Amino acid sequence: MHDFVADPSAPPLVRGETTPLFMWRGAGIVLIGTHENGRWVLARAWLEGDRLEHVRRWSFPRPIPFSGQVRRLIIDATGDSVTARDEGFRALAWTEALS
């Protein structure tokens, strides 16, 4: 059985309204990025079975620090500087596409 926690103070979702996300998964972590209230937000969580645990969230006023954090988190998790660099560039392109 899966636990479900509802936040009664959360605003209701409007049908048809979507927020583009940046996502990456590998080496036991998942990264999820979004744009909220004029800031670039990045969350990292550790995959534990079908759950996300030990979630940490960063917020940046500009795209370059956001993409740099994507790169740093991926290199920390994988040790693969090429993948980290490529995903950092993909994160930057994602922010530019939303700007």
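Let me begin with a definition: a residue is called buried when its relative accessible area is under 20%, exposed when the value is over 50%, and partly exposed in between, using a 1.4 Å probe and protein chains only. The structure before you is a predicted model, in which local features need pLDDT of at least 70, side-chain atom pairs count only at pLDDT 80 or more, and totals for chains, interfaces and linings use all residues. Residues are numbered from 1 along each chain as its sequence is written, and side-chain values use heavy atoms, with hydrogens and water left out.

I start with leucine 47. With a relative accessible area of 26%, leucine 47 is partly exposed. Leucine 47 belongs to strand β3, residues 39-48. Helices (H or I, at least four residues) and strands (E, at least two) are DSSP runs, numbered from the N terminus. Which residues does leucine 47 touch, not counting residues up to four places away in sequence? They are Arg25, Gly28, Ile29, Val30 and Leu52, where contact means heavy atoms within 4.5 Å. As for valine 30, its C-alpha atom is separated by 7.0 Å from that of leucine 47, although the two are 17 residues apart along the chain.

I turn next to helix α1. This helix covers residues 63-78, which is 16 residues, and reaches 23 Å from its first C-alpha to its last, close to the 22 Å expected at 1.5 Å a residue. The expected span is 1.5 Å times one less than the number of residues in the helix. The buried residues of α1 are Phe66, Ser67, Gly68, Gln69, Val70, Leu73 and Ile74. Against what do these buried residues pack? Their partners are the strands β1 (22-26), β2 (29-36), β3 and β4 (51-60), together with helix α2 (81-98). After α1 comes glycine 79, with a positive phi near 75 degrees.

Alanine 27 is not a glycine, yet has a positive phi of about 55 degrees. Alanine 27 sits in the loop between β1 and β2 and is partly exposed, because its relative accessibility is 47%. Asparagine 37, again a residue other than glycine, has a positive phi near 50 degrees.

Finally, I come to the salt bridges. A salt bridge here is a side-chain nitrogen of Lys or Arg within 4 Å of a carboxyl oxygen of Asp or Glu. By this rule there are 3 salt bridges.

One of them joins the side chains of arginine 57 and glutamate 36, at 2.6 Å from N to O. Arginine 57 lies in strand β4 and glutamate 36 in strand β2, so this pair ties together parts that are 21 residues apart in sequence. Arginine 57 is exposed at 52% relative accessibility, whereas glutamate 36 is partly exposed at 32%.

Another links aspartate 86 and arginine 85, at 2.9 Å from N to O. Aspartate 86 is partly exposed at 36% relative accessibility, and arginine 85 is partly exposed at 40%.

There is also a salt bridge between glutamate 87 and arginine 90, at 2.7 Å from N to O. Both residues lie in helix α2, 3 residues apart, or about one turn of the helix. An α-helix has 3.6 residues a turn, so residues three or four places apart point the same way. Glutamate 87 counts as buried because its relative accessibility is 14%, while arginine 90, at 36%, is partly exposed.
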